[in-house]
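Please read the numbered points with the model open alongside.

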Amino acid sequence: MATPEDARRANRSLLLGALHRQGPRSRADLAKHTGLTRATVSAVVRDLLDDGLVEELGLDPAGGVGKPATLVGIDADGRHVVCLDLSEPAQVVGALVDLGGKVVARRTYDRAAATGPAAVALVARICAELVEAADRPLLGIGIASPGVIDADGVVVTAAHLGWRHLPLRSRLATEFALPVAIVNDANAAALAELTFGEGTATNLIYVRVDEGVGAGLVLDGRLFTGSSAAAGEIGHVVVDPDGATCACGKRGCLETEVSDPLLNRRLAANADDGPAILDRAGEHLGIALATVVSALDVTDVVLSGSDPVTTETFRAAAARAIAARTLPVIAERLVVRASTFAFDDAVIGAAARVLDLELGIR
Ligand SMILES: [Zn+2]
């Protein structure tokens, strides 16, 4: 049964969600957009003002006749989120992210090859340092981790970190007495795009190339994680049966043809063949994506990674390879574009998850 606290939460989410999507609004506009009564909107706004989550921003310049209305907007600095990105092999990125998805502080920490319990201890130490460094009230902690993460925040498996069935969320929640969200890194990046991206696509594939290749799927405006929480694990789709042997035992997996270290190595060794190397790698990614794009009828493929992956040569080759393998009705609409968040996408997305869970901002 819905309690008064449930209703309060729902109304706060409704208003914060509207302010996030549409920007500052007057109370009258908010009533119109949310269907809540003027009296309810006024009461909820007062509650959010008291909480420091929204702020009054002066009079609405576009106001009509009569008494000018005061605009209300989300106070981006009303809360910060402690966020970690564990996807890189050599370092951990720690950040404080505000309610607008802006990174307000960023630190990098040497991972020193930590795995297993040592990696857990490192994560806890970094969280403690960022909690200490925060000068705003904290909304929670968001962790972007490689591997498969279940709905309870258990890291089912993260090979590079040596974690199996690790209940990371409950562990950190107990230690810090804050809400904690654990999200797969590619899924986090997709959430960053969905929550704070410039595009308005509600069906997209976000491809993140680092040590490996992962993808986050957004379908009908929601992150899709699949029945084993492993949706988007495209790194071991075979794209070249005659290719190199992969760590998984197969030959020519996408990850053996397209990964950040591999591309950088190939480019360094064959400086004159740069465009051909990027073209071939982009084509391999496109081959792996064509079936997914066709099956799901997404409109956007967003690419994220370091220099090789964000080049126009790579992007164009991937777009061509997808177009050559899909129906025109899909290919003509499809946009293949670079992420606007660069490598902050995972920390921003981890924050987005906490914003969604705690405030209903999405
Ligand atoms: Zn493989």
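1. A definition comes first: on a 1 Å grid over the protein atoms alone, a cavity is a set of points where a 1.4 Å probe fits but cannot get out, whereas a pocket is an open set with protein on both sides within 12 Å along at least five of seven lines; lining residues have an atom within 4 Å of a point. Grid points are joined across faces, edges and corners, and a volume is the space filled by probe spheres set on the points.

2. The model is predicted, and local features need pLDDT of at least 70, side-chain atom pairs count only at pLDDT 80 or more, and totals for chains, interfaces and linings use all residues. Residues are numbered from 1 along each chain as its sequence is written, and side-chain values use heavy atoms, with hydrogens and water left out.

3. How many cavities of 30 Å³ or more are there? The count comes to one. The largest cavity has a volume of about 40 Å³, and its lining is made up of Leu 86, Val 92, Arg 111, Ala 119, Leu 122, Val 123, Leu 161 and Trp 163. Helix 4 (residues 116–133) gives the most to this lining, with three residues. Helices (H or I, at least four residues) and strands (E, at least two) are DSSP runs, numbered from the N terminus.

4. The largest pocket has a volume of about 680 Å³. Its lining has 29 residues, of which His 160, Gly 212, Glu 233, His 236 and Glu 255 are the closest to the centre. Two or more lining residues come from each of strand 9 (155–158), helix 6 (185–196), strand 13 (213–219), helix 7 and helix 8 (260–269). Strand 13 has the largest share, three residues.

5. Which residues hold the zinc ion? Its protein donors are His 236 (ND1), Cys 246 (SG), Cys 248 (SG) and Cys 253 (SG), at 2.0 to 2.3 Å. Donors are N, O and S atoms within 2.8 Å of the metal (3.2 Å for Na, K and Ca); water is not among the atoms, so sites may look incomplete. In sequence, the spacing of the donor residues is H-x9-C-x1-C-x4-C. His 236 and Cys 246 both lie in the loop between strand 14 (222–224) and helix 7 (254–257), so the pair ties together parts that are 10 residues apart in sequence.

6. The zinc site is tetrahedral, with angles of 104 to 121 degrees among the four donor atoms. Four donors count as tetrahedral if all angles lie between 85 and 135 degrees; four count as square planar and six as octahedral if opposite donors are over 155 degrees apart and all others between 65 and 115; anything else is irregular. Ideal angles at a metal are 109.5 degrees for four tetrahedral donors.

7. Buried means under 20% relative accessible area, exposed over 50%, and partly exposed in between (1.4 Å probe, protein chains only).

8. Ser 259 sits in the loop between helix 7 and helix 8. Ser 259 is buried, with a relative accessible area of 5%. Leaving aside neighbours within four places in sequence, Ser 259 is in contact (heavy atoms within 4.5 Å) with Val 209, Asp 210 and Glu 211.

9. Strand 3 (residues 70–74) is mostly covered, four of its five residues being buried. Strand 3 pairs with strand 1 (residues 25–26) in the antiparallel sense over two bridges, and Arg 25 stands opposite Val 72. Two strands pair if DSSP finds at least two bridges between them. Strand 2 (residues 54–59) is also antiparallel to strand 3, joined by four bridges, with Glu 55 opposite Gly 73.

10. Gly 100 belongs to the loop between strand 5 (91–98) and strand 6 (103–110). Gly 100 is partly exposed, at 45% relative accessible area, and touches Ala 76 and Phe 196, not counting residues up to four places away in sequence.

11. Two backbone values deserve a check. Ala 112 has a positive phi of about 50 degrees although it is not a glycine; Ala 112 is in the loop between strand 6 and helix 4 and is exposed, at 58%. Ala 342 also has a positive phi, near 50 degrees; Ala 342 lies in the loop between strand 16 (335–338) and helix 13 (345–359) and is partly exposed, at 49%.
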